[in-house]
Amino acid sequence: MVQLKVFRFLNGPPFAFPDREQVNDIVDVFRQPLSMDTSMAERKNTHALRLTRRHGAITVDIGKMEIWDGADLSLVRDTLNTLIARRRQRSVGVQMKYVKYVPSGFFGMLYDYYEAGIAVHLFTPQPCVAAMVWFQRFFVEERPGMYRLEDIHEAGLDAEIGHPEEAASWDDKEAVHMTKSLLAVPAC
């Protein structure tokens with residue numbers, strides 16, 4: 001019943017001021033552990049899912065998983081959706097300390113949050129993740145081990161290449177070197 005009251009308050013008129021009882025109900029709900037929406041399918045394995053606060057961002061950590069599959073991505077996505085939509089978090093992060101491979105949709109999902117005005121951070125990414133083109137294009141180091149998503153190349157991925165006339169003057173060695181440096185991935 002309390003959660004229904006909180007839901008009605010959070011989804012009510014935009015400028016409704018809560019009364020004392022609503023404030024107490026909201027505080028009580030936020031003191032409870034995070035629970036996923038009951039309409040979601042039950043998960044058999046939530047790994048070692050933990051939520052922590054790091055440098056102002058609520059951070060999702062699914063433990064020592066080195067290779068994420070679709071189920072891991074789904075767990076992270078559903079947790080972030082809950083934090084953003086239901087808990088109204090404006091700054092979120094993902095712990096990447098053990099991760100060496102992420103599914104292709106991971107960075108696109110994070111970019112969707114970024115476009116919605118959410119500050120997105122990755123913490124302590126492995127060299128394999130840091131070498132991915134998506135990471136190199138969209139993440140800037142904010143402090144040691146903390147990277148913030150930011151569209152730093154608004155002109156496009158090949159904005160650094162220059163004008164087509166300049167590209168025509170390159171020799172094949174320069175083009176091969178540039179391609180190798182973009183695609184270089186450290187051994188993981």
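Q: Which residue stands opposite Phe-123 in β4?
A: In this predicted model, Gln-95 stands opposite Phe-123 of β4.

Q: In which sense do β3 and β4 pair, parallel or antiparallel?
A: The pairing of β3 with β4 is parallel and extends over five bridges.

Q: What do β3 and β4 make with α4?
A: Together, β3, α4 and β4 form a β-α-β unit, and this unit is right-handed.

Q: What about β4 and β6, how many bridges join them?
A: Strand β4, residues 119-123, is joined to strand β6, residues 146-149, by three bridges. These two strands run antiparallel.

Q: Which residue stands opposite Arg-148 in β6?
A: That residue is His-121.

Q: Which strands does helix α4 touch?
A: Helix α4, residues 105-115, packs on the sheet and touches β3 (91-95), β4, β5 and β6. The direction of α4 makes about 145 degrees with that of β4.

Q: Why is β4 largely enclosed?
A: Four of the five residues of β4 are buried, meaning under 20% relative accessible area. Strand β4 is therefore largely enclosed by the rest of the structure.

Q: Stepping back, what is the order of the strands in the sheet?
A: The order is β1-β2-β3-β4-β6-β5. The sheet is open, has six strands and shows mixed pairing.

Q: Which are the edge strands?
A: They are β1 (50-54) and β5 (139-143), each of which pairs on one side only.

Q: And what does the twist average?
A: From one strand to the next, the twist averages 30 degrees.

Q: Where do side chains point in a regular strand?
A: In a regular strand, they alternate between the two faces of the sheet.

Conventions. Residues numbered from 1 in each chain as written. Predicted model: local features only at pLDDT ≥ 70, side-chain atom pairs only at ≥ 80, totals over all residues. Heavy atoms only, no water. Pairing = 2+ DSSP bridges. Axes fitted to C-alpha atoms, helices over the stretch in contact; angles between N-to-C directions. Contact = heavy atoms within 4.5 Å. Buried < 20%, exposed > 50% of the residue type's maximum accessible area, 1.4 Å probe, protein only. Right-handed = clockwise from strand over helix to strand, strands pointing away.
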